[in-house]
Amino acid sequence: MDEARARARLLAERAEVQDLLARTEAAGQEDRASEGETGDISDPAQLLTAQGMDDAVAESLRDRLAALDRAEQRLEGGTYGRSVRSGRPIPEERLEADPAAELTVEEARAEEAQARP
């Protein structure tokens, strides 16, 4: 993927993730603000579950922003499109699907397999 296309894809995804994060954080604040209200929620555990889900989604979006930051740094450093582990080229198709990809498909699969119990 050429540098201009990579930069455009990273910037577009960053804008989307930042928007999703802002909306998720706003939803979390609304959930917390309604914590003292009884409203339609008869089970307080429902509210806690909603808050926990908002927090988990927000954390995941922050992780994605960090991955986009790292990809932009690799782009600036001239190593974008190469595995951070092995230095092997990451296929164009993978970068199209995930412009922040850090590993080849094989390396990512091996990492997932190691993470499973």
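Q: How much space lies in the second largest pocket?
A: About 170 Å³. The model is predicted, so local features need pLDDT of at least 70 and side-chain atom pairs count only at pLDDT 80 or more, while totals for chains, interfaces and linings use all residues. Residues are numbered from 1 along each chain as its sequence is written, and side-chain values use heavy atoms, with hydrogens and water left out.

Q: What counts as a pocket, and how is a volume defined?
A: On a 1 Å grid over the protein atoms alone, a pocket is an open set of points with protein on both sides within 12 Å along at least five of seven lines, and lining residues have an atom within 4 Å of a point. Points are joined across faces, edges and corners, and the volume is the space filled by probe spheres set on them.

Q: Which residues line the second largest pocket?
A: Arg64, Ala67, Arg94, Asp98, Ala100, Ala101, Glu102, Leu103, Ala108, Glu111 and Glu112. By class, that lining has 5 nonpolar, no polar and 6 charged residues (Ala, Val, Leu, Ile, Met, Phe, Trp, Tyr, Cys and Pro are nonpolar; Asp, Glu, Lys and Arg are charged; the others, Gly among them, are polar).

Q: Which element gives the most to the lining?
A: H4, with 3 residues. Helix H4 spans 105-115, and H2 also gives two or more. Helices are DSSP runs of H or I, at least four residues, numbered from the N terminus.

Q: What does Ala100 touch?
A: Leu10, Arg64, Ala67, Leu68, Ala71 and Arg74, not counting residues up to four places away in sequence; contact means heavy atoms within 4.5 Å. Ala100 is also among the residues with the most contacts inside the largest nonpolar core.

Q: How many residues has that core?
A: The core has 16, and 7 of them come from H2, the largest share. A nonpolar core is a set of buried Ala, Val, Leu, Ile, Met, Phe, Trp, Tyr and Cys residues joined through side-chain atoms within 4.5 Å.

Q: New topic. Is Ser83 buried or exposed?
A: Ser83 is buried, because its relative accessible area is 5% (buried is under 20%, exposed over 50%, partly exposed in between, with a 1.4 Å probe and protein chains only).

Q: Which side chain makes a polar contact with that of Ser83?
A: Glu107, at 2.5 Å. A polar contact is a pair of N or O atoms within 3.5 Å; within protein, one must be able to donate a hydrogen and the other to accept it, and residues adjacent in sequence count only if both atoms are side-chain atoms.

Technical notes. On a 1 Å grid over the protein atoms alone, a cavity is a set of points where a 1.4 Å probe fits but cannot get out, and a pocket is an open set with protein on both sides within 12 Å along at least five of seven lines; lining residues have an atom within 4 Å of a point.
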